[in-house]
Amino acid sequence: MPEETRIPKKHLRALWCALAAALLTVQSPATAQDELPQIAADALTDEHVLRAIEAIVEELYTRKDAEHFWDPPRWSYNPHGDENQTGGYTALCALALLYAGESYQNPRLRDAIDDLETSGMSGTYAVAIRAHIWAKLPQKYHPNLEKDQQWLIDGFSERVRGWGYTQQPNASRQDQSLRQYGALGLWEAAKRGVECDARYWRMLEEAYIESQLADGGWNYRANSSPPRGSMTAAGLTVLFITQDYLHAEESVKLPRRVESRHQHSIDLALKWMAENFSPTQNPGRDADFYYYLYGVERVGMASGYRYFGEHDWFREGAAELIRRLCNWDEPTRTMTVHEHVGGNAKAGLIRNHHLAFALMFLSRGRSPIAINKLQIDELHWNNRPRDVANLTAFISDSTETMVSWQIVDFAAGPETWLDAPMLYLASDKPLPWLGETNVNPQRLAVEARKLLGQQSRGEQPVDAVIAKPNIPQLVALKTYLDHGGLLLAVNEGAKRSFADSIEEAGRIMYPQYEWRNLPPDHWAYTLAPVHGRRVPLKGLSNGVRELIIISPMDISRTFQSRAISDSAQEQVAANVYFYASEFNAPKLRLIALGKPATNTAEPAGEANTFTISRALYDGNWDAEPVALRQWRNAVQSRFGQPIRVTTVALSALHETKPQPNLVIVTGVDPHVFTVQEQLAIEAYIKTGGTILFETVGGVGEFTTAAEKVLEELFKAPPQSLFRQAIITGDGITEAMDLGRVQYRPFALQTFGARETTPRVRAIFVDDKPRVLLSREDVSHALLDQPSWGVSGYTTDSARNLLLNIVRWVDHASAPQQ
């Protein structure tokens, strides 16, 4: 699609007001509705976003001109000097491509980068965007960043506390858009060590606070006109920058002082966004949509808020951008870029800057969420507003990957907390739910151990529970932890009241486990090297993974302030994230993780119900208590076969009526099987049962120790199942060929080789593999949550392996024709 050869004067001002905002050809979203099928926001997937990114990248390269790259061939001249923004389009498109993951060394991009390096820009928008590019490139481009930063400093007008279109230190015209982009250029330089005097940050902050309207919004010219979404996003973005550079120290010392003027301004603006956000138009101005939405992305990423009001800003914004710009072809699962907005020939043409702003929104907004910061309104949960933002920035910089963070509301429930591999909660006050419990956690632990022993001997029913307080908030927190979550709790201030309350909550939720001080060789100190004073940590583990880690030391003060440097504290917290994310492998924003099982009812009465019983014994028999039901729900949803999950005492297994089709015995450390348990196993197998022994987490010796007992019990050694139907699927209805499986990264590191062969073995009884043995983890994988330190199968391979076992048991027990 050729660029227009001349830009009308009357549109240049609007264009560079937004660095390339929408021209007269951009339609209102209310006009010319699409005739093409669209992807609804709630149906949007990461695949759709990725394919849109790929299509826009290719479209930008297709549009690139050999001489002027993405700039128009000729610029019109006008009194505002917009012709001086030469290079701005090219800088914007090049930056968007870099955000999309394109290498600056790619020949398709490198010539544009080289041209930007040598071109003498004279426009504020163009120079500010170019500074973003140098900040993303290697150190050899650092002098270019210093030059552009100095250009912006030299062009700053103290009179308007901002910039003119060109380098005009005496500019007298208020322009919130120029003020934003100049500030963003200075910020990119500051993040890479090219600092500017704090007085510039102060002047920028004062300018935005003073020009804020009573309802919390901002307009374009800092006058009495109505607020706009694009300018409100601009004001918020700059205030979040100045919060880091001017006010971080104010939140270091606790208790915090009364709310400051700048924080009040931020809160008021966020309220405006919550009330006025629209994913389909720029509120207050029926234009500049792409520029506006990219501003929304900056605010969303800086603030940590996933929602503005009831709107998921990324999901809904991405769906609207794809509706306007792309066509999804379902059979080929590809995207192509429209020529006209929405694929409507009567609508406006899609311009380069539309694509660039959209590409930045999609690429940056799609980045994985590394940490969820938990909001508990009854608690001092946000003493340090920038702690997680700065910790996430440390992780991004140290890994050279883009990860983000967000705030999640406790009231929203554990299913929303699982969007990130790690949950962060810091406070100087105790949890508010424990004040009147009058519970003795040590007594709970004694009672729990006593009850388990009685249940294992058949003296108490397997569904009996100890009496403990019913605290709904702890039920929700335990739901999150049971489904694979990890909580990092940071005690703020000099008192230990918050840390103590977390320990108490852990003992109530998990009386069978004990808190311990983490030793120096723990992964929290070794995943990445930690230099300096060791940060003391306490952990509560289920034997497979850490559930909760407490920092009794106030490390959030280090995260909050740029002036406080303690690499040991930052690295320890980063290591917790690395562990929770399976070494920096979090899932992208729209890729759903395993959600808490909503269907816990067991099917009853169906003739074809398949029963799986979990075997209880006096040990860590239930390390991952929800894993099997998570898998059951997924199987029932996909195949419709009813599967019933029960619990039986291992010692009474042979007496269970009706006999379960499959029994699963899981553990971590070696278990000494009682005579009664061995007799029960033998009797169950001799009546045609099938049993699976599994080391949950794949690191302990549970299955290894069990093999010796079972080999003696059945007078047969374990054998490989590699060529057996239970693995190959041969002759079994709906079974899969699992001759090749996938293992988790830690498993491959443990093996020392990239294996693809399933390692499950079996002891054959009457020529059938009735006693199945897995030293590798299956159960944790069924949670579909990342975690380093788990040696076993990936989620898909674990699900398929267990499903094949069920299919084989069904097949083996069916009457022979």
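These legends accompany close-up views of a predicted model. Residues are numbered from 1 along each chain as its sequence is written, and side-chain values use heavy atoms, with hydrogens and water left out. Local features need pLDDT of at least 70 and side-chain atom pairs count only at pLDDT 80 or more, while totals for chains, interfaces and linings use all residues.

**View 1. Two tilted ring pairs, Phe410 with Trp417 and Tyr577 with Phe578.** The structure holds 30 aromatic pairs. Rings of Phe, Tyr and Trp (its six-membered ring) pair if their centres lie within 6.5 Å; planes under 30 degrees apart count as stacked, over 60 as edge-to-face and the rest as tilted. The ring centres of Phe410 and Trp417 are 4.9 Å apart, and the planes stand at 40 degrees, so this pair is tilted. Phe410 is buried at 14% relative accessibility. Trp417 is buried at 0%. Buried means under 20% relative accessible area, exposed over 50% and partly exposed in between (1.4 Å probe, protein chains only). Tyr577 and Phe578 also form a tilted pair, with centres 5.7 Å apart and planes at 55 degrees. Both residues, Tyr577 and Phe578, are buried.

**View 2. An aromatic cluster that includes Tyr125 and Phe357.** Ring pairs join Tyr125, Tyr181, Tyr291, Tyr294 and Phe357.

**View 3. Arginines over rings, at Tyr208 and Phe639.** A charge sits over a ring if NZ of Lys or CZ of Arg is within 6 Å of the ring centre and within 35 degrees of the ring normal. Arg179 places its charged end over the ring of Tyr208, 5.5 Å from the centre.

**View 4. The salt bridge between Glu47 and Arg333.** The structure holds 44 salt bridges. In each, a side-chain nitrogen of Lys or Arg is within 4 Å of a carboxyl oxygen of Asp or Glu. Here the closest N and O atoms are 2.8 Å apart. Glu47 belongs to helix H2 (residues 46-63), and Arg333 to the loop between strand E3 (326-329) and strand E4 (334-337); this pair links distant parts of the chain, 286 residues apart. Helices (H or I, at least four residues) and strands (E, at least two) are DSSP runs, numbered from the N terminus. Glu47 is partly exposed at 26%. Arg333 is partly exposed at 33%.

**View 5. The salt bridge between Lys64 and Asp111.** The closest N and O atoms are 2.6 Å apart. Lys64 lies in the loop between H2 and helix H3 (88-99), and Asp111 lies in helix H4 (residues 107-118), so the bridge ties together parts that are 47 residues apart in sequence. Lys64 is buried at 19%. Asp111 is partly exposed at 31%.

View 6. Arg324 is buried at 2% relative accessible area, and Glu320 is buried at 7%.

**View 7. A salt-bridge network including Arg496 and Lys538.** Salt bridges link Arg496, Asp500, Glu503, Arg507 and Lys538.
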